[in-house]
Amino acid sequence: MTAHPLRRRIAAVLDIAPDASAIEYDAQWSTYGQVGALARQVEARVDGRGQVGMLLRNTPAHVAAFLGVLLAGATVVVINPSRGDARTKADIAALDLPVIVGDRDDLARLVEPTSASTVLSISALDAEPELESVGKGRDAARPGVAVRMLTSGTTGPPKRIDLTYDMLAHSVMGPEPEESQPPTEVRRGVAIVNAPLVHIGGVFRVLQCIVEARPFALLSRFDLDAWADAVRRHRPRAVSLVPAALRMVLHSSLRREDLDGVRAVTSGTAPLSADDADAFQAKFGIPVLTSYAATEFGGGVAGWTLTDHQKYWQAKRGSVGRANAGAQLRVIDDDGHPLGPDEPGLLEVKPGQLGASADWLRTTDMARIDKDGFLWILGRADQAIIRGGFKVMPDDVRAALESHPAVAGAAVVGRPDERLGETPVAVVELRETASADVAELLEFLRNRLARYEIPTEITIVDAIPRTPSGKPDLSAIRGG
């Protein structure tokens with residue numbers, strides 16, 4: 001049987017120039033030959049085993065192992081080793097997979113000795129994978145599925161979404177993967193990957209770099225100093241920052257010359273205010289191109305282009321852009337009827353990654369689409385707080401709090417109230433060099449929000465708990 005075009009592309013790129021630099025990590029470069037050698041060792045070990053659980057961390061060895069599972073045509077089941085030991089152990093036990101791959105320390109800590117899975121440890125690019133134990137696990141093949149990806153888990157326990165080889169190929173290779181030709185040489189520019197591999201953003205960025213034969217600097221996580229150092233040295237033309245990271249860069253001591261060479265910043269996964277986007281451009285001279293994506297879509301479905309930004313931003317600021325090529329968007333009412341331009345309702349999507357015959361996918365996002373096709377996300381319908389009959393959208397309250405000059409980040413959730421049903425409460429993280437108290441924040445909000453939108457309680461915390469994608473972890477906030 002002919003290999004899938006995504007698998008063929010990965011194999012072709014790993015063989016283009018074995019001695020060329022592929023991944024920079026901790027100031028050291030690994031070559032395509034090194035990545036390819038480990039990938040093929042893993043491929044041989046997991047071939048025919050169906051689903052492969054991976055305790056993924058942002059290291060070159062884990063990138064290679066991830067590619068090896070795809071080369072085998074198997075399914076990567078993403079497991080986050082940083083979610084808390086008890087939850088992760090229970091997750092692994094429930095999955096009962098044929099193979100588990102990870103760092104030796106993670107495996108020893110999280111995989112029970114009685115596990116029926118074959119356990120394979122990955123330590124470094126130049127070290128062979130080691131069998132820690134041999135077992136069968138449950139026969140649970142999922143033909144055609146490349147990655148069972150964790151959702152962000154913003155509002156509850158993360159779920160796994162099946163991303164097929166076709167979906168990922170369309171995301172990173174274009175609308176006609178079968179016709180896409182592999183590059184003949186390694187690209188000169190260096191990308192920066194700071195999104196975690198346990199999130200769709202990290203998987204997308206890594207695969208995009210691999211299929212384009214583009215070297216990349218891999219960060220173990222977003223760290224302002226490490227990121228800025230990589231930007232100064234590699235001068236990428238575009239960088240990707242989730243809103244929390246973008247705000248860290250915006251309010252840092254970095255100057256315009258530190259980001260010299262960057263022509264655009266893309267930002268997604270969570271809402272970013274137009275004021276923050278404008279402030280970033282004013283400080284660094286770089287436009288911020290926001291986008292709209294979800295794990296379920298296998299990538300983005302809408303976003304700004306540089307051309308649209310230059311032409312429309314002032315008139316459409318706050319929008320997340322227009323539908324990507326091949327994608328369709330519409331807004332419906334409570335009865336499922338399509339609404340007209342600028343009428344708010346529930347967003348439905350036909351992602352281009354699923355092909356022309358895809359059904360409409362209903363989201364939980366309230367939205368409106370104007371006559372020019374620009375999309376505004378108004379908030380999550382399932383997060384709306386009904387306070388005494390009035391609807392409070394947490395993102396509106398969050399954005400108002402984050403517009404205070406001392407606030408680095410905020411999150412808002414509903415709290416049960418016997419009289420009103422629910423009331424909004426907020427947690428706030430202050431910038432390192434700033435100060436503010438609760439009274440000052442409440443006074444600030446009185447000029448920006450309706451009375452019913454003002455939180456009944458604001459708690460100032462050292463750090464807001466966040467998911468791997470950088471979104472506030474609302475479940476942890478409610479529990480706290």
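Visitor: Is Asp 372 buried, partly exposed or exposed?
Guide: This is a predicted model, where local features need pLDDT of at least 70, side-chain atom pairs count only at pLDDT 80 or more, and totals for chains, interfaces and linings use all residues. Residues are numbered from 1 along each chain as its sequence is written, and side-chain values use heavy atoms, leaving out hydrogens and water. Buried means under 20% relative accessible area, exposed over 50%, and partly exposed in between (1.4 Å probe, protein chains only). Asp 372 has 27%, so call it partly exposed.

Visitor: Which residue meets Asp 372 in a salt bridge?
Guide: A salt bridge here is a side-chain nitrogen of Lys or Arg within 4 Å of a carboxyl oxygen of Asp or Glu. For Asp 372, the N to O distance is 3.6 Å, and the partner is Lys 371.

Visitor: What is the relative accessible area of Arg 317, the salt-bridge partner of Asp 278?
Guide: The closest N and O atoms of Asp 278 and Arg 317 are 2.6 Å apart. Asp 278 is partly exposed at 23%. Arg 317 is partly exposed too, with a relative accessible area of 32%.
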